[in-house]
Amino acid sequence: MEILQNYINGKWVDCISGKTSDNINPADKSEIICRFQSSGVEDANTALEAAEAAFDGWRKTPVPERAALLLKVIRRMMELEDEFARAITLENGKTLRESHAEFAAAIKEADYQIGQGRRLGGVYVPSEQPGVSCYLNRQPLGVATLITPWNFPLNVACRKGFPALIAGNTCVIKPADFTPMSSWLLVRTMHEVGIPAGVVNYITGRGSVIG
């Protein structure tokens, strides 16, 4: 039985309590697909602290470099399409055809968002003072908490994660209890291609307990 760990500050770790929950196949409720961490407030705070500590370095990373890393994630995901689709089907209940469609949509959106992120620029506007120009540039906000629903477990994780990351924010992903495996695979892929420690963090558990 595979046990999914949290991912905090570049390391796979168990939650502080050591407790896990079952990820059950909705098509056969006697089948446990895997187990995941029953995280609490302390785990959430540790993940947030890791993301906050990594923020300054990530925001100072040039956008083309951030884009290159995220494009590596997409390429690696495409090599693992069948694994992603199978995970979506097992824990969400979609047909494999629907799961492949969700995967394709996630890849297309992520690719678009990376491209848009490379176009980040500023705006020059006239000033009331002669010979003075005013300008505006966009800056990342900090740590983004990405809470994803069960119905599109991969697509929404990508839809929230890629724009946050390309813009220079760090993040903590918390998936729905019913579908922790799809976004776990996404984070595992980011780890494999070398996203810096703390930039992406992942915790599981009941939202009412974590929050």
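**The open sheet and its setting**

Author: S4 and strand S5 (residues 32-37) pair in the antiparallel sense, over five bridges. Strands here are DSSP runs of E with at least two residues, helices are runs of H or I with at least four, and both are numbered from the N terminus. Two strands count as paired if DSSP finds at least two bridges between them. The model is predicted, so local features need pLDDT of at least 70, side-chain atom pairs count only at pLDDT 80 or more, and totals for chains, interfaces and linings use all residues. Residues are numbered from 1 along each chain as its sequence is written, and side-chain values use heavy atoms, with hydrogens and water left out.

Ser21 has Phe36 of S5 as its bridge partner. Asp22 stands opposite Arg35 in S5.

S5 also pairs with S1. These two strands run parallel and are joined by two bridges. Here Leu4 has Phe36 of S5 as its bridge partner.

Put together, three strands form an open sheet in the order S1-S5-S4, with mixed pairing. Strand S1 (3-4) and strand S4 (20-24) stand at the edges, each with a single partner strand, so one side of each is left without a neighbour in the sheet. Strands of a sheet pair through backbone hydrogen bonds, either parallel or antiparallel.

Now the helices. Helix H5 (residues 155-166) packs against helix H6 (residues 180-193) at an angle of about 30°, with axes 11 Å apart. Axes are lines fitted to C-alpha atoms, for helices over the stretch in contact, and angles run from 0 to 180 degrees between N-to-C directions. On the H5 side, the contact is made by Ala157, Cys158, Phe162 and Leu165; on the H6 side, by Ser183, Leu186 and Met190. Contact means heavy atoms within 4.5 Å.

Last, the whole protein chain. Its secondary structure comes to seven helices and 10 strands. Its C-alpha trace spans about 75 × 40 × 30 Å along the principal axes.
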